[in-house]
Each structure stands twice: as C-alpha cells, then as structure tokens.
Amino acid sequence: MNTKLAMKLNKLLIVIFSVLVVSIFLFTRLYNIKDGLFFLNDLGRDADVLYTWQKTGKPPLLGPQTSALPINQSPVYFYWLMIFYLLLRSNPIYSVVAYLVFYLIIFFFGIIVFRKNNQLIILWLGAYLLMALHPQYILQSRQVWNPSLTPPLVLLSIFFFYLSLNKKNFKQLFFSAFFLAAAISFSFSITPLFFVLTIFLFFSNREKTVKFIFYFFLSLVFFFLPVIVFELRHNFLLITSLLFKPHPQQKGIDFLTKFNSLADYVLATSNFNLNRFLLLSSFCYSLYKFLTLKIKSKINFFYFLFIAMLILTFIIPFSVQAHYIFAISVSLFLTLFCEIRLINLTALLIISLFYVFFIIRGDNFQDSPRTYNQINQCFYQFCQNFKKPIYVSVISNFHPYHYGPEHRYLLKKNGCLVKNIEEDETTADMMMIVLDSADFNESSRYYELDLFGPFQKVKKHYCQPNFGYVLIRRLIKDK
C-alpha cells in the first residue's frame with residue numbers, strides 16, 4: 001500500500017512540475033510577443049529562405065552559415081521552420097511557435113521515456129525548469145537566433161549516453177549518438193560534447209567507443225545528406241572555402257575574456273561578480289566531487305561532463321558567443337540537480353531567484369524598437385508604386401553585423417524586384433538604403449555603395465520616427 005501511495009505521489013509531483021514548466025515556457029515565450037518580437041537579421045534570413053522555397057518549390061540544401069567558419073549547418077533547421085511558416089501563413093511568430101513546439105514535444109517525450117528512473121526524471125524536470133527561466137534562453141527564443149533548438153537534443157543525447165553506460169545492448173548508445181548528431185546539425189558549437197563523451201567512453205568501455213563513433217558519423221551523414229548533395233553538385237564548394245578562403249577573425253579568445261563571457265552567458269544572473277563566483281565555485285565543487293567520488297560512480301559522469309566541457313571551451317580557439325553556450329549550460333544544470341545536497345540547493349535557489357526577478361522585471365517583454373507590422377506597412381506602400389529592379393542596403397544601430405535580410409524579405413514579399421548587388425552589380429540602377437534607427441551619411445557598414453558607384457539622392461522618407469529609407473540612383477552605369 002505504501003509503495004502504491006509513493007508511486008501515485010511521484011506521478012502527481014511529475015504532473016504538477018510538468019504543468020509548472022510548460023506554463024513558464026508559454027508565458028516567457030509568448031507574453032506580448034506580437035509587439036515584443038524584434039524581427040531582425042536571422043529572423044529575416046530564415047524567412048527569406050522559406051519564402052524562396054515556397055515560391056520556387058525547391059527546398060534548400062544548405063542551412064544557415066556559421067559565424068565562426070565559412071561553412072553551413074544542415075538545412076534540417078529550415079525544414080522544421082517551414083512547417084510553421086506554412087501553418088501560420090508566414091506570420092512572424094512562426095519561429096517562436098516552432099521553438100516552443102520543439103521544446104515541448106521533446107519535454108513530454110523525455111518524461112515518457114525516463115519516467116521510471118527517479119534520478120533521470122528529476123534531472124530532466126530540473127534542467128527544463130532552468131531552461132524555462134534562463135534569461136539567455138528566453139532572449140534567444142523570443143528573438144530566435146540560429147541555433148536555439150539544440151538544448152533538448154543535448155539533454156536527450158546525455159541521458160541516453162548515461163543509460164548506455166551500464167547496458168550490454170547498444171540501443172541506448174545509438175540514440176545518444178543520433179540525438180547528438182541532430183544537435184550538431186543545428187549548431188557546430190555542440191561538437192565539443194562529442195569529444196567529451198568519446199573521452200569518457202574511451203576510459204570506461206573501449207568497445208563501446210568504436211560503436212559510438214560509428215553511430216555518430218552514420219547519423220551525421222543522415223542529417224547532412226542535403227549538404228553532401230550540394231557539395232557533389234558544386235565541386236565541394238564548402239570544403240574548398242573552409243580550406244582556402246580566409247576565416248572570420250576571432251576576437252576575445254584569451255582566458256579572462258572567455259571566462260567573463262561564459263560566466264555572463266551561462267549563469268546570466270545580471271550580477272557581474274555573482275556570475276563569476278558561481279561559475280568558479282561550480283567548477284571547483286565539481287572537480288572536488290569528481291576526484292573524491294569513486295570513478296565508477298554514476299554521479300561522477302555528470303561532474304566530469306561539466307568539468308570537461310568547461311576546460312574544452314577554453315582550449316578551442318573560438319570566442320564565446322551567446323548562442324554557443326547551450327551544451328555547457330545544460331551540463332551545468334545537470335550538476336545542480338544530480339545530487340540533493342545543501343551546496344547544490346543553495347546555488348540552485350540563488351540562480352532561480354535571480355531568474356524569477358529577471359522575469360518579473362520584464363526586460364525581455366517590452367515592445368521592440370519597431371514592429372514587424374510597421375516595417376511591413378512601410379514597404380507595402382513603397383512597392384505599390386515602385387516596379388523597377390532595386391538593390392537594398394541598410395544603416396542600422398542595432399547590430400554591428402546587420403545587413404538587413406528582414407528588409408529584403410519584406411520588400412520581396414510586397415512585390416518589389418529585389419536584386420543582390422553582391423551577385424550582380426548591373427541589374428538595377430536604383431538602391432534603397434534602409435534607415436533603421438540611424439541616419440544616412442553616404443556610407444554604410446558594408447561595401448554596397450562602393451559596388452553601386454557614383455549616385456544621387458532621389459528621395460528620403462520616414463515611415464516611423466526611427467525607421468525610413470533613402471532612395472538613390474546610379475549616375476554612371478557600369479560597362
């Protein structure tokens with residue numbers, strides 16, 4: 001009777017906690033999203049790809065290009081987004097809905113799969129709670145940046161890997177490799193996790209190591225099959241670019257800069273010193289537990305995971321960006337829940353209180369500087385009267401690397417004949433320079449004006465106090 005009562009109580013607690021997690025996810029991602037969604041940069045890039053696919057009927061073979069290397073992710077990212085782009089008839093919140101559905105499907109999948117393992121179900125619910133509350137996760141889901149879909153896949157991979165450690169069959173190991181490859185298909189920043197898991201497996205079971213590597217690369221081929229087709233069609237263009245073209249310069253890869261960036265992005269308590277204290281304390285505590293626990297202890301795996309991920313992050317010669325922290329943040333979440341001890345609970349309470357305060361303060365729920373509807377209406381009016389081919393450039397104070405893909409997308413959608421001056425310098429004689437909370441001083445952050453050549457201003461118009469455009473005409477056509 002007591003056993004049955006305990007089982008019913010456990011089920012009730014799982015249901016209550018699940019309702020709490022789902023409620024937080026829905027509130028923090030959808031509250032004021034109509035006016036709060038900042039349709040900027042990556043959102044415009046994604047929508048432009050999906051719009052082109054819808055018009056041409058040809059699915060993309062490449063995913064988004066990475067910011068660190070001249071190579072593309074798998075287009076599986078676009079294939080998932082396309083479902084919601086069509087269902088919501090290109091309403092810009094399709095991206096947020098796609099994010100939510102992805103996280104919640106995997107959330108309930110994990111509950112079903114791991115429900116009979118008390119330790120894993122606690123870890124699963126705890127990690128998801130922190131993902132629901134974490135300021136960076138909220139920010140990157142309301143202003144979707146590729147690749148914000150990776151954390152649930154990382155969790156699945158780690159959990160199946162953990163289950164495979166004491167199993168004689170290799171089914172769990174295959175699932176771990178499969179979900180890890182899926183996560184990497186969305187973001188190459190997850191790749192260090194593969195090395196960490198492989199190292200751990202090498203010292204615990206070398207026979208499984210070979211199979212794990214085989215399963216992983218087999219799964220990679222599956223997710224990157226469209227990219228392989230692209231490479232075969234275009235004489236291995238991506239590989240050639242990766243090997244011979246100059247890479248973006250990496251800044252801030254010294255130890256101190258990396259540590260500060262990791263602390264701010266991974267802990268995200270909005271307190272500079274507390275972030276650093278918590279990250280350093282978490283590392284020292286995890287190292288202490290790893291060295292004092294028996295090497296074969298199941299709990300030791302989670303401490304090793306966080307320690308190795310942190311060390312490897314400092315070793316690899318890439319700077320720490322906000323959208324690179326998903327694997328290491330998940331590994332930290334798991335260390336907080338893997339043992340119910342005073343130090344874990346204290347750290348968890350401090351972090352959670354800061355996150356709740358962040359949500360109450362509502363920094364991410366305010367209206368965006370300009371809404372999707374405002375810029376869409378502006379371009380609708382323009383495209384009704386302008387039917388010539390046109391180039392598009394942008395001057396924006398929002399983002400140092402902003403080239404305005406959202407503006408190009410909305411102009412196309414409203415009927416303008418948008419051309420890319422980067423691909424063809426002679427197709428159009430007119431250029432629109434979008435003024436996004438900026439003014440025109442006859443220069444831009446990119447080289448579009450140099451390609452365009454001498455020009456004269458035709459028109460300057462503001463649709464909103466902080467949004468408008470300058471229309472220019474080329475004076476001398478290129479021969």
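## Strands and how they pair

Two strands count as paired if DSSP finds at least two bridges between them. Helices (H or I, at least four residues) and strands (E, at least two) are DSSP runs, numbered from the N terminus. With that in hand, let us look at strands β4 (residues 455-464) and β5 (residues 467-474), which run antiparallel and are joined by 8 bridges. A hairpin of 2 residues connects β4 to β5. Glutamine 464 has phenylalanine 467 of β5 as its bridge partner, and histidine 461 stands opposite tyrosine 469 in β5.

A word on the model before going on: it is predicted, so local features need pLDDT of at least 70 and side-chain atom pairs count only at pLDDT 80 or more, while totals for chains, interfaces and linings use all residues. Residues are numbered from 1 along each chain as its sequence is written, and side-chain values use heavy atoms, with hydrogens and water left out.

## The sheet and its helices

Contact here means heavy atoms within 4.5 Å; axes are lines fitted to C-alpha atoms, for helices over the stretch in contact, and angles run from 0 to 180 degrees between N-to-C directions.

## A disulfide between helix and strand

The whole structure holds 2 disulfides, a disulfide being a pair of cysteine sulfur atoms within 2.5 Å. One of them joins cysteine 378 to cysteine 463, with S to S at 1.8 Å. The link of cysteine 378 and cysteine 463 is right-handed, with 40° about the S-S bond. Cysteine 378 sits in helix α19 and cysteine 463 in strand β4, so to speak distant parts of the chain, 85 residues apart.

## Two helix pairs

Helices α6 (residues 118-133) and α8 (residues 150-164) pack at about 165°, their axes 12 Å apart. Residues in the contact include Leu123, Trp124 and Tyr128 of α6 and Leu155, Phe159 and Tyr162 of α8. The contact of α6 with α8 divides into 13 nonpolar residues, 1 polar and no charged. Here Ala, Val, Leu, Ile, Met, Phe, Trp, Tyr, Cys and Pro count as nonpolar, Asp, Glu, Lys and Arg as charged, and the others, Gly among them, as polar.

Helices α9 (residues 171-186) and α10 (residues 191-204) pack at about 160°, with axes 9 Å apart, and are therefore roughly antiparallel to each other. Leu173, Ser176, Leu180 and Ile184 in α9 meet Thr191, Leu193, Phe194, Leu197 and Leu201 in α10. The residues of this contact divide into 7 nonpolar, 2 polar and no charged.

Definitions and conventions. Parallel < 35°, antiparallel > 145°, perpendicular 65-115°, else oblique.
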